[in-house]
Amino acid sequence: MATRVGDEVSVLELKCTHMGCNVAFGEISGRGITCPCCGSQYDLITGEVLRGPAQKLLRKYKVTIIGDEVQIDD
Ligand code: FES
């Protein structure tokens, strides 16, 4: 899932670390996205858990910005 907050761009794993739901279907509020299944909230840029029940952050991929494109490096 690619996200942009202001000038910051991030690509995060879609699979919630709690029970594997697709976080991309979650509600976005400010810098957070809420998993639609049990309500864990993650930071859209860092992938950190803002609210449980999830305990592990979402994987964050390394990216390079080239013009208008986001290239995933790993
Ligand atoms: S599967 Fe995402 S919070 Fe439970």
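Which strand does V5 lie in? In this predicted model, V5 belongs to strand 1, which covers residues 2-5.

**Around V5**

V5 has 14 other C-beta atoms within 10 Å, so it counts as partly exposed; a buried residue would need 20 or more, and an exposed one 12 or fewer. Leaving aside residues up to four places away in sequence, V5 touches R31, L44 and I45. G30 is worth a look too: 25 residues separate V5 and G30 in sequence, while their C-alpha atoms are 8.6 Å apart in space.

**The sheet**

Strands of a sheet are held in pairs by backbone hydrogen bonds, in a parallel or an antiparallel sense. Here, three strands form an open sheet in the order 1-2-7, and the pairing is antiparallel. Strand 1 and strand 7 (60-61) are the edge strands, each pairing on one side only. The two pairings are set out below.

| Strand pair | Sense | Bridges | A bridge partner pair |
|---|---|---|---|
| Strand 1 and strand 2 | antiparallel | four bridges | V5 and E8 |
| Strand 2 and strand 7 | antiparallel | two bridges | L12 and K60 |

Strand 2 runs over residues 8-12. Then go to L12, whose bridge partner in strand 7 is K60.

**The turn**

What links strand 1 and strand 2? They form a hairpin with two residues between the strands, and G6 there takes a positive phi near 65 degrees.

Methods:
Residues are numbered from 1 along each chain as its sequence is written. This is a predicted model: local features need pLDDT of at least 70, side-chain atom pairs count only at pLDDT 80 or more; totals for chains, interfaces and linings use all residues. Two residues are in contact if their C-beta atoms, placed from the backbone, lie within 7 Å. Two strands pair if DSSP finds at least two bridges between them.
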